[in-house]
Amino acid sequence: MCFEKETKMNFRKRNELSKIQILKNIGAFLLKVVVVVAIGYSVVAFGGQTTEMVGESMAPLIHNDDILLVNKIKYKIFSPKQMDIILFKVRKSSETYYSVKRVIGVPGDTVQIIEGEVFINGSKVENLPFEELILNPGLAKDPILLGEEEYFVMGDNCNISEDSRFVNIGVVLKEDIIGQVVRIINPKDRRAKLT
């Protein structure tokens with residue numbers, strides 16, 4: 001009889017300990033889920049974002065309606081380099097919109113378009129992603145000296161792109177650069193890394 005009582009008590013204690021262990025395990029699991037969600041949210045909110053390409057100014061590499069991944073952290077540490085593809089704010093009177101273009105000139109560069117070719121600091125740029133001659137040099141008909149924090153950008157589809165050659169865009173200030181476009185994520189058949 002005494003042995004039976006002891007067994008029942010031990011069984012209850014083990015049951016209570018099992019319940020406590022299960023609750024601890026559930027609590028630990030929920031804590032892990034909260035931490036993972038918080039890290040994921042932080043990465044998306046502060047480190048990356050998606051944007052949709054509007055227009056064909058970056059074709060054939062990036063097309064209208066492509067969904068792009070933007071690295072927002074990189075330019076908090078480093079400066080944009082020539083040939084980086086960037087997302088930036090365009091401020092036009094009372095409205096602001098976003099645009100995707102390629103960096104051609106960086107602070108301190110002098111950019112000029114002569115006879116359809118891009119020149120940086122007097123030297124013809126050879127590694128441009130387009131081969132056609134630029135039909136409209138716009139503001140870059142005359143040399144443009146980029147000040148501190150100023151970038152000259154162009155679309156890969158140079159003859160339809162509205163970019164730093166035109167007053168509507170002009171040079172892009174570093175403070176208006178959201179981040180580097182690093183990947184096409186949609187449509188799936190065109191997924192590609194862009195850096």
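Student: Which residue forms a salt bridge with Asp 84, and how far apart are the closest N and O atoms?

Tutor: Side chains of opposite charge can pair when their charged atoms come close. Here Asp 84 is joined to Lys 81, with the closest N and O atoms 3.9 Å apart, where a salt bridge is a side-chain nitrogen of Lys or Arg within 4 Å of a carboxyl oxygen of Asp or Glu. This is a predicted model, in which local features need pLDDT of at least 70 and side-chain atom pairs count only at pLDDT 80 or more, while totals for chains, interfaces and linings use all residues. Residues are numbered from 1 along each chain as its sequence is written, and side-chain values use heavy atoms, with hydrogens and water left out.

Student: Are Asp 84 and Lys 81 buried or partly exposed?

Tutor: Asp 84 is buried at 7% relative accessibility, whereas Lys 81 is partly exposed at 46%; buried means under 20% relative accessible area, exposed over 50%, and partly exposed in between, with a 1.4 Å probe and protein chains only.

Student: How many salt bridges are there by this rule, and which residue does Arg 190 meet?

Tutor: The count is six. Among them, Arg 190 meets Asp 66 at 2.5 Å, N to O, and this pair links distant parts of the chain, 124 residues apart, with Arg 190 in the loop between strands E11 and E12 and Asp 66 in the loop between strands E1 and E2. Strands are DSSP runs (E, at least two residues), numbered from the N terminus. Arg 190 is partly exposed at 22%, while Asp 66 is buried at 3%.

Student: What is the order of the strands in the open sheet of four?

Tutor: Strands of a sheet pair through backbone hydrogen bonds, either parallel or antiparallel. In this sheet the order is E7-E6-E5-E8, with antiparallel pairing, and two strands pair if DSSP finds at least two bridges between them. E7 (123–124) and E8 (144–145) are at the edges with a single partner strand each, so one side of each has no neighbour in the sheet. Further in, four bridges join E5 (residues 110–114) to E6 (residues 117–120), and Val 111 stands opposite Ile 120 in E6.

Student: Which residue forms a salt bridge with Glu 117?

Tutor: Glu 117 pairs with Lys 124, the closest N and O atoms being 3.7 Å apart. Glu 117 is partly exposed at 26% relative accessible area, and Lys 124 is likewise partly exposed, at 37%.
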